[in-house]
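Thanks for coming, everyone. Please have a look at the structure on the screen, and then I'll walk you through a few spots.

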Amino acid sequence: MVIQVKNLSKTYEYHKKRPGLWASLKGLFHREKLFKEAVKEINFSVEEGELVGFLGPNGAGKTTTLKILSGILHPSSGEAKVLGHIPWKREPEYQKQFALVMGQKNQLWWDLPAMESFILNKEIYEVPDAEFTENLDELVALLDINDILDVQVRKLSLGQRMKCELAAALLHKPKVLFLDEPTIGLDVVAQKNIRDFIKSYNQKNKTTILLTSHYMEDVKELCQRVIIIEEGEIGYDGDLAKLIEKYAPYKVLKITFEGEGIKEEDVKNFGEIYKFKPNSVTLRVPREKARDVARDILSSDLPVDDILIDEVEISDVVRKIFSNGNH
Amino acid sequence: MKKYWHIITNEIQRQFTYRASIAAYAFGNIAELVALTVIWTIVYRGIDSINGYSSQEMISYVVFAWFFSFLTTTYAFERNVARDIHLGTLSNLLVKPQSYIRYVMALATGRITIAFLIVLVQGAIVFSFFRNTLIFSLDWKTIILLVLMLIATYFINLFLSVLIGFIAFWTTEINGTYYSLKVFSRFMSGTFFPISLLPVFFVKASFFLPFVYTIYIPVQLYLGKISFAEGLKGLMMEMLWLVGLYAIIKIVWKAGLKKYESVGI
């Protein structure tokens, strides 16, 4: 067990300020205290080499959890152990074994080439010379960043910078990697590059990775297991494929028609119409009836050209979970 | 320790990318000195001595106080510390196996290095300009003591900068405090004029604060107004202040970190 979290809670204290000058003056002497429970009694554990996706809307508590696990925040109550260490004690022996990459904050020196930050990290993490060269070569090849190592970080594109951020974080070969929105703001190609890298790095080095992301693609491509967190509570923890079965009792039938196509009345009895064009229709049908309905359509006298049974989009599932409230 | 050395060299490299900014600072330094020497030259018209300072001594005082003060300034380093806290850069630094306090010490030292060299050059130019007025009467023993005192002065300034920067743990803005303390400390350290020109009460009070040992005492030593032994005592006082300030930094850092850990900022 690499990560173990038991009844972990975090409550933030903040202040309310009503609008207006008078309220500001009053605020100098008395401020209304408010509390926000960012994380409520969560429990989960992660095995070595797992790549777990943390899903949830903004403010759900994903980043708070990562910050607690990396020792930046002190929890209000509960326990957590990563690699046998209590993170918020910030013991150097623990710090040398993990890395945190935040998509919104950079650790690289902005005005210097990334290489300078790499060398500094080598010293900070006390990586021996030979190991450093080996790790660096591997990362440079995997990330394809050889040409940009000597360019000031500020002159790099966001995608290039993210690659360098990842390299900087992995030079000391951490056993655990926390990725907070690593693909945020990147274009589709850059997102895919980062994703491919994370995937192959995880497979090759058996690094335990905890990843948060807003992009469903990231999670779909990378994680077998997801933890859905919403309003500080875990709504689902398990297989991504099962998540779809559990929360999407529907399958999707995509049917294309020949010639003139059809009218809405022709198909409305087969299932719930999701999208309609005379030549192509998307139907939602109960999971267990999908095959029967497909057969019925094929054996009807509608001019069917092609028929496809598909799973509901994972983003739709998650959106549904978030909007219904899952607890 | 190698990591902190790398932080210093990285920061020096970074400073090179801001050449224009350094040159701008250098211009401001000179402007301040010109203002001070003009005032004192006018004040001394027709007067031989003020409070035991001849015109020559006073100009020497002002020039060297200026020189010492710019050699040992931290160039508003409190803002760097505050920025780390407010922007959350501190988080990135906290997850690494390094001490933040040592990290900022290294960073600040790298940060001032180039400006320090420029002040040395500026000083040389200013000294040659005032060569007929300035008093130069230094032996090696005194020079070494002066250098040690100025190193201590730099660290006192740095410790104060870090402490003021730490206020950012509790407030979203530190500029007001920074500005007030800057003016107060330059006044109380005798950067603009000898502290002995002030009423006795002020002079006595000033010896309970660290500032007087940072500029006034070193310049007095240079002018030969105090003995070597008294200079040595001044250095001892600086050392005591350094120990005290370091202890305060540790306490405030712990308290601030507690806030940071609970709020997340």
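Start with Leu83(A): it has 17 C-beta neighbours inside 10 Å, so Leu83(A) counts as partly exposed. The scale is this: 20 or more other C-beta atoms within 10 Å is buried, 12 or fewer is exposed, and partly exposed lies in between, with C-beta atoms placed from the backbone.

A word on the basis. This is a predicted model, where local features need pLDDT of at least 70, side-chain atom pairs count only at pLDDT 80 or more, and totals for chains, interfaces and linings use all residues. Residues are numbered from 1 along each chain as its sequence is written, while chains are lettered from A and ligands numbered from 1 in the order in which they are written.

Back to Leu83(A). It is not a glycine, yet its phi is positive, about 55°. Most residues other than glycine have a negative phi. Leu83(A) sits in the loop between strand 4 (77-82) and helix 3 of chain A. Helices (H or I, at least four residues) and strands (E, at least two) are DSSP runs, numbered from the N terminus.

Now chain B. Tyr75(B) also has a positive phi, near 50°. Its loop joins helix 3 (55-71) and helix 4 (77-87) of chain B.

Next, a helix pair. Helix 7 (residues 140-166) and helix 12 (residues 228-263) of chain B pack at about 20°, with axes 9 Å apart. The contact residues comprise 23 nonpolar, five polar and two charged. Nonpolar means Ala, Val, Leu, Ile, Met, Phe, Trp, Tyr, Cys and Pro; charged means Asp, Glu, Lys and Arg; the others, Gly among them, are polar.

Note on methods: Axes fitted to C-alpha atoms, helices over the stretch in contact; angles between N-to-C directions.
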